[in-house]
Amino acid sequence: MTNKFKVGDRVQFVAGNKHRLGVIVSEKNKNSYIVEDDHDTYIIHKNRVAPAPALVVAPHRVASVIKLELQKRLNRENALIVLLEYFYDACAEHGEDSFEKGSVNRWICDNFTQFISAVLYGYTVEKEPLYYVRLPHFGYVTNRMDYTLSQSKTDAIALTESRIKAIDERYWQFAVPVEEVGGYE
C-alpha cells in the first residue's frame, strides 16, 4: 500500500543514491510524483516516497543564525560545518560558561541533534509569547512610534519580551501576557 500525498507535502526519497528531502510538486501519472528538493526536480515512483520527518521548532534567534548561514552557503551540509565550527570555536574561546551567556549557544548545547536536523532538513520558528505593557495609573503602551500611553487596550501594542526590554528594561515588570488580558479594560 502506498501513501497518498498531496501537492505541497514534504517527503523523503532516494535519488542518485542519496537520501533527499523535497516537496511534492505534482502527480506525474498514477504511479509517479514530481518532487523538488533544494537543487533539482525528480520523478519518483509513489512506492519510493515516504513522509518527511517533522520539522524542528527553533527559537527565533537560533532560526535567524541558521537562516543567515544557509543564505551564505551553497548547500545545507556546508552551512552545518560552518555553524558547528563557529559553535566549537566560541566554546574554546570563551569556555563552557559561554553557553550560559548566549541563548543561541545554550539552545544548541541543550538541543544538539535538533540543531543538526534543523540545519539539514528544515525548521519552523517558535512563536514568541506576546505581552501588553500596562503601567498602573497610566495605561497601556500603544502602537504609536513614540510608545505613548492609552487607557484603552484596543490601542495597545503586543510586544515580545526582547522588544519590551529594548524600550525600557523597567517595563518588563508590567508585562501582561496577551491571553491573560482578555476582556477587561
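Predicted model: local features only at pLDDT ≥ 70, side-chain atom pairs only at ≥ 80, totals over all residues.
Me: How many salt bridges does the model have?

Reply: The count is eight salt bridges. The general idea is to look for a side-chain nitrogen of Lys or Arg within 4 Å of a carboxyl oxygen of Asp or Glu. One case here is glutamate 27 with lysine 4, whose side chains meet at 3.0 Å, N to O.

Me: Which residue does the side chain of lysine 46 meet in a salt bridge?

Reply: Lysine 46 meets glutamate 27, at 2.4 Å from N to O. Lysine 46 sits in the loop between strand 4 and strand 5 (50–51) while glutamate 27 is in strand 2, so this pair ties together parts 19 residues apart in sequence. Through shared partners, salt bridges join Lys4, Glu27 and Lys46 into one network. Lysine 46 has a relative accessible area of 9%, so lysine 46 is buried.

Me: What does the side chain of arginine 20 meet in a salt bridge?

Reply: The partner of arginine 20 is aspartate 37, and the N to O distance is 3.4 Å. This pair links distant parts of the chain, 17 residues apart: arginine 20 is in strand 2, and aspartate 37 is in the loop between strand 3 (32–36) and strand 4 (41–45). Arginine 20, with a relative accessible area of 17%, is buried, and aspartate 37, at 16%, is buried as well.

Me: Now strands. Why is strand 8 described as largely enclosed by the rest of the structure?

Reply: The way to read this is to count the buried residues along the strand. Strand 8 (residues 131–135) has five residues and four of them are buried, so the strand is largely enclosed by the rest of the structure.

Me: In which sense does strand 8 pair with strand 11, and over how many bridges?

Reply: The general idea is that two strands pair if at least two bridges are found between them. Strand 8 and strand 11 (residues 175–177) have three bridges and pair in the antiparallel sense. Within this pairing, tyrosine 132 stands opposite valine 176 of strand 11. Strand 8 also pairs with strand 9 (residues 139–141), in the antiparallel sense over two bridges, and there leucine 135 has glycine 139 as its bridge partner.

Me: What is to be read in the hairpin of strand 8 and strand 9?

Reply: Three residues lie between the strands of this hairpin, and histidine 137 takes a positive phi near 70°.

Me: What volume does the largest pocket have, and which residues lie nearest its centre?

Reply: A pocket is read by its volume, then by its lining. The volume of the largest pocket is about 480 Å³. Its lining has 21 residues, with Leu21, Asp38, Arg76, Leu120 and Tyr121 nearest the centre. At least two lining residues come from each of strand 1, strand 2, helix 2 (76–94) and helix 5 (112–121). Strand 2 gives the largest share, six residues. By class, the lining divides into eight nonpolar, five polar and eight charged residues.

Me: How many residues line the second largest pocket?

Reply: The second largest pocket is lined by 14 residues, and Pro59, His60, Arg61, Ser103 and Glu128 lie nearest its centre. Helix 1 (60–72), helix 4 (103–110) and helix 6 (161–167) are the elements that give two or more residues to this lining. The space in the second largest pocket is about 310 Å³. By class, its lining has six nonpolar, four polar and four charged residues.

Me: Where does threonine 160 lie?

Reply: Threonine 160 is in the loop between strand 10 (149–150) and helix 6. Its relative accessibility is 18%, so threonine 160 counts as buried. The side chain of threonine 160 makes a polar contact at 3.3 Å with the side chain of serine 162.

Key
Residues numbered from 1 in each chain as written. Heavy atoms only, no water. Helix = DSSP H or I, 4+ residues; strand = E, 2+ residues; numbered from the N terminus. Buried < 20%, exposed > 50% of the residue type's maximum accessible area, 1.4 Å probe, protein only. 1 Å grid on protein atoms, 1.4 Å probe; cavity = no way out; pocket = protein on both sides within 12 Å on 5 of 7 lines; lining within 4 Å. Points joined across faces, edges and corners; volume = space filled by probe spheres on them. Nonpolar A, V, L, I, M, F, W, Y, C, P; charged D, E, K, R; others polar. Polar contact = N/O pair within 3.5 Å; in protein donor to acceptor, adjacent residues only side chain to side chain.
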